[in-house]
Amino acid sequence: MKPWVAICRLEDIPVLGARRVERERGMPVALFRTADDKVFALLDRCPHKGGPLSQGIVAGDGVACPLHGWVIGFADGAARAPDEGRTPTFDCRVDEGVVMLDREQLNRHALEQVPPQAGPCLRAGAVAAVAVHARPPGTVPAPAGA
Ligand code: FES
């Protein structure tokens, strides 16, 4: 028997909306409520570039990521074709209006998934600008043709 843990009441999740559940370790889980009051749980991370699915738009049996619009299915966490990838799913149930998640999964599932990281801009002009600013004052070369 699963060690279910109560998370919230069904009405705490907006219809066609989401609620984010923080975990002790790992990325948060997003709970989604459909128009017919079904509840699904996905890791709050899009398989494309890590967008926050909890801020997406719920439509039917999936959610459209707020960053680039990939649609992720609730049942299996899979991106809809032609996109590819999968978001981890979590077991979820609603019992007498209480939404519950599996405590073991919350503590152990998908811990390797990390938040997206912002990186340096790698465009040539941006790198050159950084190099110019890194020179000591007074040593910046004169512009070409000066
Ligand atoms: S990060 Fe979700 S569609 Fe790009």
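Start with the contacts across the whole chain: in this predicted model, residues 24 or more positions apart account for 47% of the contacts with a separation of 6 or more. Of the 146 residues, 25% count as buried.

Next, colour by secondary structure. The protein has 10 strands and two helices.

Now select strands 2, 3, 4 and 8. These four strands form an open sheet with antiparallel pairing, and their order across the sheet is 2-3-4-8. Strand 2 (17-21) and strand 8 (89-90) each have a single partner strand, so one side of each is left without a neighbour in the sheet.

Keep strands 3 and 4 on display. The two run antiparallel and are joined by five bridges. Pick Ala30 and look across to strand 4: the residue opposite is Leu42.

Leu42 leads on to the nonpolar core. The largest such core has 24 residues, and Leu42, Leu31 and Phe32 are those with the most contacts inside it. Which elements give two or more residues to this core? They are strand 3 (29-33), strand 4 (39-43) and strand 10 (98-102). Strand 4 gives the most, with five residues. In soluble globular proteins, nonpolar side chains tend to be buried together.

Finally, centre on Phe32. Leaving out residues up to four places away in sequence, select what Phe32 touches: Ala18, Val39, Phe40, Val58, Val63 and Phe74.

How values were computed: Residues numbered from 1 in each chain as written. Predicted model: local features only at pLDDT ≥ 70, side-chain atom pairs only at ≥ 80, totals over all residues. Core = buried A, V, L, I, M, F, W, Y, C linked by C-beta atoms within 7 Å. Buried ≥ 20, exposed ≤ 12 C-beta atoms within 10 Å, placed from the backbone. Contact = placed C-beta atoms within 7 Å. Pairing = 2+ DSSP bridges.
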